[in-house]
Amino acid sequence: MADRSVLLSSNFNAWPEPFNGQAYAFLNVIEQVEDADIIAPRPPPHADGRGVNPSVGYLWNELRHRLASQAWRRFGNAGLSNAQPVHVARDYDVFLFVCQFPLELTALKRMHGWRERSERAYVYLLEGWPERFPAQAQELRMLDQFDHVFVLNAESIPALRQYTSTPVSFLPSACDTALACPYPGTPQRGIDVLSLGRRMPELHTKLSALAAQDGDFFYVHDVLKAGAVTDWAEHRAQSAAMIKRSKYFIAYDFTVDTTGIFKGVRKNALATRYFEGTAGGAIVLGARQQCPEFADHFDWEDAVIELPPGTPDVGAFLSDLNSQGERIERARTTNISQALRRHDWAHRWGQLLDIVGLPRSARLQQRIERLASMAAMVEVAHGAPRGVRRHDMTA
């Protein structure tokens with residue numbers, strides 16, 4: 001089994017938006033199964049003044065930074081990161097950098113010595129769209145410094161290969177299923193419907209009206225926008241806690257942009273919300289995603305139960321589902337077991353290692369086996385069909 005040192009890095013502290021929870025969760029799981037260190041540089045001191053009423057110091061320094069970054073890009077260089085500079089102080093066998101967008105690759109320029117100190121280096125881009133690559137060419141050239149590039153958006157691979165000579169592979173999203181799993185504690189599901197992040201306005205209006213009319217109907221949804229995450233561990237734990245206490249979880253095939261650069265063309269990639277909803281044992285309501293890889297990763301019955309936003313009577317729709325006790329219990333159990341067997345971040349780390357030809361660590365194998373044992377206990381307790389394919393135990 002592997003005996004190696006791993007350096008993990010991301011800019012989730014420099015840019016503490018909720019979507020960067022994916023990067024935090026992935027690196028947090030890897031740290032548990034490898035001899036790993038994490039470097040996540042913080043933003044500059046002036047960022048403390050952003051708040052609801054940004055300070056003059058924040059506004060002035062942020063404007064200076066953005067103008068300098070744009071000027072730098074106009075000269076054909078990658079932009080400037082707002083991350084504070086850090087130095088890699090020792091040698092590592094493996095380096096992994098995870099970020100949401102290609103523009104965030106500039107944080108690497110503030111991380112001195114990362115390439116020289118790393119025998120092998122890999123990067124995972126969680127969001128990238130071919131239509132935007134021409135405007136991101138300066139940053140995409142930085143991918144040549146890596147030994148392998150992994151992307152969440154499978155459809156971007158052909159276009160991305162025009163910007164880098166580094167091999168590119170697809171790596172789907174996942175979640176921390178050990179954190180998300182509602183067993184063995186099985187908390188009471190007191191939340192009727194949970195909606196996090198982007199939502200369908202028409203459906204939200206109907207659910208809000210239903211909650212206003214029925215005092216026993218508990219609809220939980222975001223009421224703030226563009227807030228900074230102050231503690232990543234608490235953020236991930238709270239999201240998982242709410243999902244495992246929810247009967248239904250909303251997830252739709254949201255398009256990235258239908259009016260701007262994509263000119264009405266549907267653009268989507270595997271969304272993490274589906275992985276988190278199923279892992280927490282909620283019934284996922286909404287729509288299946290249209291990207292081809294979705295069917296490969298959510299290939300069991302009722303992984304998503306269709307709920308058209310235009311449904312006339314949402315209350316009646318939910319009442320009908322609640323009356324189908326056997327179906328709901330089977331769907332809930334299968335969601336949990338399939339997530340545990342296939343969709344933990346440990347599975348993705350194992351897939352990454354397999355692709356680049358590195359052995360799996362003993363702790364990684366132990367986590368995957370432990371998750372499979374948890375899935376088996378859930379299945380036995382509820383009599384759910386296992387439906388496990390041969391590769392699921394090792395993926």
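Select Leu-67 first. Leu-67 counts as exposed because its relative accessibility is 54%; exposed means over 50% relative accessible area, buried under 20%, and partly exposed in between, with a 1.4 Å probe and protein chains only. Leu-67 is located in helix α2, which covers residues 56-74. Helices (H or I, at least four residues) and strands (E, at least two) are DSSP runs, numbered from the N terminus.

This is a predicted model, in which local features need pLDDT of at least 70 and side-chain atom pairs count only at pLDDT 80 or more, while totals for chains, interfaces and linings use all residues. Residues are numbered from 1 along each chain as its sequence is written, and side-chain values use heavy atoms, with hydrogens and water left out.

Together with Leu-67 they form a nonpolar patch on the surface, with about 350 Å² of accessible area. Patches consist of residues with over 30% relative accessible area and no salt bridge; nonpolar side chains (Val, Leu, Ile, Met, Phe, Trp, Tyr) are joined within 5 Å, and like charges within 9 Å. A salt bridge is a side-chain nitrogen of Lys or Arg within 4 Å of a carboxyl oxygen of Asp or Glu. Accessible areas come from the Shrake-Rupley method with a 1.4 Å probe, and for residues only the protein chains shown count as cover.

Next, show the whole chain. It has 13 helices and 13 strands. Its radius of gyration is 22 Å, close to the 21 Å that the globule rule gives for 395 residues, so the chain is as compact as a globular protein of that length. The radius is taken over C-alpha atoms, and the rule is 2.2 Å times the number of residues to the power 0.38. Buried residues make up 54% of the 395 residues.

For a view of the interior, select Leu-203. Is this residue buried or exposed? Leu-203 counts as buried, because its relative accessibility is 2%. Helix α6 (residues 201-213) contains Leu-203. Apart from residues up to four places away in sequence, Leu-203 touches Ile-250, Tyr-252, Leu-307, Pro-309 and Val-314, where contact means heavy atoms within 4.5 Å. Leu-203 and Pro-309 lie 106 residues apart in sequence, yet 4.9 Å apart in space, C-alpha to C-alpha.

Turn now to the aromatic rings. The structure holds 16 aromatic pairs. Rings of Phe, Tyr and Trp (its six-membered ring) pair if their centres lie within 6.5 Å; planes under 30 degrees apart count as stacked, over 60 as edge-to-face and the rest as tilted. Select Phe-19 and Phe-101, an edge-to-face pair with 5.6 Å centre to centre and 70° between the planes. Phe-19 is in the loop between β1 (5-10) and α1 (21-33), and Phe-101 is in the loop between β4 (92-99) and β5 (111-112), 82 residues apart. Phe-19 is partly exposed, at 30% relative accessible area, and Phe-101 is also partly exposed, at 22%.

Then select Tyr-274 and Phe-294. Their ring centres are 5.0 Å apart and their planes stand at 75°, so this pair is edge-to-face. Tyr-274 belongs to helix α8 (residues 272-279) and Phe-294 to helix α9 (residues 292-297), so the pair ties together parts that are 20 residues apart in sequence. Tyr-274 is buried, at 0% relative accessible area, and Phe-294 counts as buried at 1%.
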